Amino acid sequence: MAETDKDDLVTIIDEEDHQDIVPDILPLMPVRDVVIFTDMLLPLFVGRKKSIRAVEEALTKDGYLLLATQKDPNVEDPGADDIYTVGTVGRILRMLKLPDGRAKTLVQGVSKVKIKRYVRKRGFYRVKIEALEEVPLEELNIEVEALMRNVREFSEKILALRGELTSDVSAILESIENPGKLADLVASNLKLKIDEAQEILETIDPVQRLEKVNTLLSREMNLSAIQAKIQSEVKDEISKNQRDYFLREQMRAINRELGEGDDRAQEIEDYQKKIRKSGMPKEARDEAGKQLRRLEQMHSDSAEAAIIRTYLDWMVEVPWQKSTKDMLEIAYARKVLDREHYGLSKIKDRILEYLSVRKLNPKMKGPILCLVGPPGVGKTSLGQAIAKAMKRKFVRLSLGGIHDEAEIRGHRRTYIGALPGRIIQGLKQCKVNNPIFMMDEIDKLGSDFRGDPSSALLEALDPEQNSTFSDHYLNLPFDLSNVMFILTANLTDTIPSPLLDRMEVINLSGYTEEEKHKIATDYLLPRQIKNNGLTARTIRFSDGAIQQMITEYTLEAGLRNLEREFGTICRKVARKIAEGRKGPYSITQKNLSRYLGPPSFQAELDKDESQVGLVTGLAWTQTGGEVLYVETSMLPGKGELIMTGQLGDVMQESGRAAMSYARANLERLGVDRDIFENYDFHIHAPAGAIPKDGPSAGIAMATGLISVLTGRAVNKDVAMTGEISLRGRVLPIGGLKEKAMGALRGKVFTVIIPEKNRKDLIDIPANVKRKLKFVIVRHMDEVLKIALEPASVSKTKPAAARKKPAKRRTAAAKRK
């Protein structure tokens with residue numbers, strides 16, 4: 001092992017221009033942590049057995065050996081591939097054996113050589129070398145002289161920054177006229193990495209070598225300057241801290257002698273200033289002053305003092321009077337809302353109405369709006385758009401899963417770690433008292449032994465009471481009348497009635513296919529392209545591909561899954577581009593399955609033809625309207641009604657009412673009365689794992705029963721929704737808009753609806769009404785005329801063919 005004693009490293013320049021005669025076969029001693037240059041004099045500690053033998057071999061002859069640097073200093077026994085091929089021939093001037101078996105040698109670099117081949121590898125390395133002669137310079141031109149001067153100046157500056165510059169060093173630098181020797185001298189004294197120093201050693205041209213050294217000097221100059229600056233700053237900071245500490249100690253001693261406070265008085269004074277600047281009302285100011293006087297009388301390290309400090313911090317940071325100025329330009333607000341969201345005209349009109357009234361009556365209290373709709377229709381983002389349109393701050397609070405009343409009203413200060421409620425926290429966060437405050441998922445509030453959060457919201461969401469909202473932590477009235485609360489929910493069934501009564505409910509139904517296509521083109525697709533690092537030039541979607549993604553890869557009222565599918569495609573394209581496969585990429589209907597796989601949603605196979613007992617109903621779900629198939633079968637039995645498919649109590653009552661209506665009208669339908677004594681009837685709603693309930697499937701069940709009784713098939717292109725009475729009247733239902741859009745997604749274009757739902761047609765978008773045919777009915781007879789196909793069209797045998805077996809069984813039963 002050969003190591004350098006860097007503390008004793010010096011360089012000797014030989015002024016005379018002579019060349020030593022060096023043998024062409026020399027022993028090799030690998031060195032690590034250092035690259036040895038010519039004319040470089042340094043001590044080496046030799047510890048490896050091979051290296052000691054190489055030194056001894058050199059001393060038995062003329063004292064020359066080759067010093068080459070290891071590529072990896074951690075290798076203990078380097079091979080030929082682990083050693084650089086260019087090294088320096090060194091002359092051993094002195095060797096001293098140490099008691100631990102190592103040897104200390106003093107070596108001087110003589111000439112630069114290259115290893116041609118290894119002659120011996122056993123015991124120690126012996127190599128054949130060839131000299132690397134420098135390119136001679138005929139004369140020094142102006143550029144080389146300028147380069148040498150620059151290197152000298154850089155070297156002196158670096159040494160000056162380190163505090164190592166002396167007159168002798170400057171004289172040595174000025175005395176060197178050979179650019180190669182100057183480069184070697186400076187390089188040997190720079191703290192270079194092994195690969196950088198080796199690169200300089202292997203450079204034969206002296207000018208090029210000097211240029212590389214100049215570049216490294218420039219970098220070292222910057223590093224040394226920054227290091228000196230850091231050391232100076234640290235020194236100044238330490239001096240300043242020591243001075244400040246000394247002065248503070250003197251002030252403390254003076255204040256103690258005068259009987260005056262120090263930091264405590266400053267803290268009390270700061271709180272007094274903050275209380276005056278906070279703009280809090282008189283009642284709150286009196287309470288803050290009272291707590292401040294208590295703090296002044298307490299020991300600063302007591303636990304109660306920390307509680308009072310926290311309370312005072314909240315008091316002075318809550319925005320009692322600070323508010324933003326509303327943007328009341330109706331045209332600007334309309335422009336922002338249209339830019340952020342497509343459609344949703346009803347909610348946009350409501351916001352513009354509020355701004356109009358606010359413009360005429362600035363003292364108007366903020367409304368309490370509740371946006372109700374399926375997931376992914378843009379309820380939360382709509383709240384952000386409203387904040388942009390009004391130029392207000394936006395605060396969002398998720399209420400889903402909250403069970404503790406203290407989350408809304410705050411904890412009382414008797415608890416350790418008490419904090420204000422989430423409403424006050426949100427106002428402190430936005431630093432104004434009139435933000436757009438969105439409360440998401442209010443329909444998912446819970447309640448347990450810790451209280452009922454929905455009851456705590458009654459005061460905050462009541463325009464007549466929230467001007468004096470009381471948080472348990474502050475224990476003071478706070479005015480929330482300037483806050484515009486916007487709440488979101490998927491459905492209103494789980495919202496308590498008193499809370500629902502305080503809100504203005506605005507229903508956001510799902511989007512039609514045309515609306516989805518427009519939103520995808522204008523909003524979703526550009527956002528996903530940007531988020532995935534793509535551009536409009538690298539990826540293009542055809543209209544057919546977008547339409548297929550809407551109809552076959554997603555089945556939702558909103559757009560969340562559609563945006564995920566766009567993101568999936570963009571990520572796959574981004575990976576191809578990152579792997580070097582350049583675009584552009586065009587996504588069409590033909591290659592869409594390569595990115596997304598086979599379609600996830602396809603049309604029901606049962607719709608291929610009209611069938612007896614198969615009725616297309618319509619259902620409302622939290623994700624929008626859907627097509628719900630109702631199957632009815634007749635099988636031998638004793639007139640029982642079997643209902644399966646996880647039907648709720650209301651739907652089971654609808655099924656029994658449909659059964660009663662069918663039995664009461666057998667004669668008018670042309671069916672033998674004894675049929676119920678010999679057959680059972682089974683009503684089933686597919687997707688049995690999903691619970692179903694609601695008063696809107698009565699006419700669908702009655703149609704299915706009458707279809708199997710008469711043998712007439714149900715028209716596959718007709719969907720229906722409505723409840724039935726025992727006398728056959730068709731009763732109204734809810735959620736007509738969502739059900740109509742569900743029928744459109746299910747490719748059913750004729751919809752039977754109750755006559756009392758005619759008024760709800762006004763809420764259905766015009767483009768949906770143009771594609772659907774709504775048939776309005778009052779009685780079940782009208783439903784049967786439209787839904788049932790003529791007996792001659794039906795492929796199943798008519799009921800008359802089934803009367804004889806029924807009669808024979810009845811007669812046999814009587815004889816028995």
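A salt bridge is a side-chain nitrogen of Lys or Arg within 4 Å of a carboxyl oxygen of Asp or Glu. Keep that in mind for the tour of this predicted model.

**Whole view**

Start with the entire chain on screen. The protein has 28 helices and 26 strands. Its C-alpha trace spans about 135 × 85 × 55 Å along the principal axes. The radius of gyration is 45 Å, whereas a compact globule of 816 residues would have one near 28 Å. Of the 816 residues, 47% count as buried.

**Stop 1: Lys 428 and Glu 317**

The whole structure holds 39 salt bridges. Select Lys 428 and Glu 317 to see one of them: their closest N and O atoms are 3.0 Å apart. Lys 428 belongs to helix α14 (residues 422-430) and Glu 317 to helix α9 (residues 303-317), so the pair ties together parts that are 111 residues apart in sequence. Lys 428 is partly exposed, with a relative accessible area of 25%. Glu 317 is also partly exposed, at 40%.

**Stop 2: Arg 358 and Asp 326**

Next, select Arg 358 and Asp 326, a salt bridge whose closest N and O atoms are 3.4 Å apart. Arg 358 sits in helix α11 (residues 345-360), while Asp 326 is in the loop between α9 and α10 (330-340), so this pair ties together parts that are 32 residues apart in sequence. Both Arg 358 and Asp 326 are buried.

**Stop 3**

Select Arg 334 and Asp 349, which form a salt bridge with closest N and O atoms 3.2 Å apart. Arg 334 lies in helix α10 and Asp 349 in helix α11, so the parts tied together here are 15 residues apart in sequence. Arg 334 is partly exposed, with a relative accessible area of 30%, and Asp 349 is partly exposed at 35%.

**Stop 4: two charged patches**

Show the surface and select Glu 145, Glu 153, Glu 174 and Glu 177, which gather in a patch of negative charge. Glu 177 is in the loop between α3 (167-175) and α4 (179-189). Then select Lys 49, Arg 53, Arg 120 and Arg 122, which form a positive surface patch. Arg 120 is part of strand β7 (residues 103-120) and is partly exposed, with a relative accessible area of 37%.

**Stop 5: Pro 375**

Finish at Pro 375, in the loop between β9 (368-372) and α12 (379-390). Pro 375 is partly exposed, with a relative accessible area of 31%. Select Asn 222 as well: from C-alpha to C-alpha, Pro 375 and Asn 222 are 58 Å apart in space, and 153 residues separate them in sequence.

Terms used. Residues numbered from 1 in each chain as written. Predicted model: local features only at pLDDT ≥ 70, side-chain atom pairs only at ≥ 80, totals over all residues. Heavy atoms only, no water. Patch = residues over 30% accessible without salt bridge, like charges linked within 9 Å, V, L, I, M, F, W, Y side chains within 5 Å. Areas by Shrake-Rupley, 256 points an atom, 1.4 Å probe, with all protein chains shown as cover. Lys, Arg positive; Asp, Glu negative; His and termini not counted. Charge placed at Lys NZ, Arg CZ, Asp CG, Glu CD. Helix = DSSP H or I, 4+ residues; strand = E, 2+ residues; numbered from the N terminus. Buried < 20%, exposed > 50% of the residue type's maximum accessible area, 1.4 Å probe, protein only. Rg over C-alpha atoms; globule rule 2.2 N^0.38 Å.
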